[in-house]
Amino acid sequence: MQGFADDENAQRLSRSRPWVADRKKAVLDRIDRELRPNVEETLLDEAAWLVHQEASAALGETLQ
């Protein structure tokens, strides 16, 4: 979702832009706090890609 504007993500999820922005910030903060210190950068990239694929499948579309 980082590659898309919050309003675009909100539209895709049928939610408000502030709701999406709050959730995105919470997820990114948690990743920074819990994952980054313990995981190699290449693994973080792979994990982000897998989350992206799962979100795409849940939405029934292919996100780029």
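I started with helix α1 (residues 6-13), where D6, N9 and A10 are buried. I took buried as under 20% relative accessible area, exposed as over 50% and partly exposed as in between, with a 1.4 Å probe and protein chains only. Seen down the axis of α1, the buried residues fall within an arc of 105 degrees, so they line one face of the helix. I took the arc from the directions from the helix axis to the C-beta atoms.

This is a predicted model, in which local features need pLDDT of at least 70, side-chain atom pairs need 80 or more, and totals for chains, interfaces and linings use all residues. Numbering starts from 1 along each chain as its sequence is written, and side-chain values use heavy atoms, without hydrogens or water.

Next I looked up the cover over α1. It includes α2 (17-35), with contact meaning heavy atoms within 4.5 Å. Just after α1, I noted a positive phi of about 55 degrees at S14.

I then checked the rings. The charged end of R15 sits over the ring of W19, 4.1 Å from its centre. My cut-offs were NZ of Lys or CZ of Arg within 6 Å of the ring centre and within 35 degrees of the ring normal.

For the whole protein, I found 3 helices and 0 strands. Helices are DSSP runs of H or I, at least four residues, and strands are runs of E, at least two, numbered from the N terminus. Of the 64 residues, 16% count as buried.

Last, I read the confidence, pLDDT, which runs from 0 to 100 for each residue. The protein's mean is 80, and 91% of its residues reach 70 or more.

Definitions and conventions:
pLDDT is the predictor's confidence in each residue, from 0 to 100.
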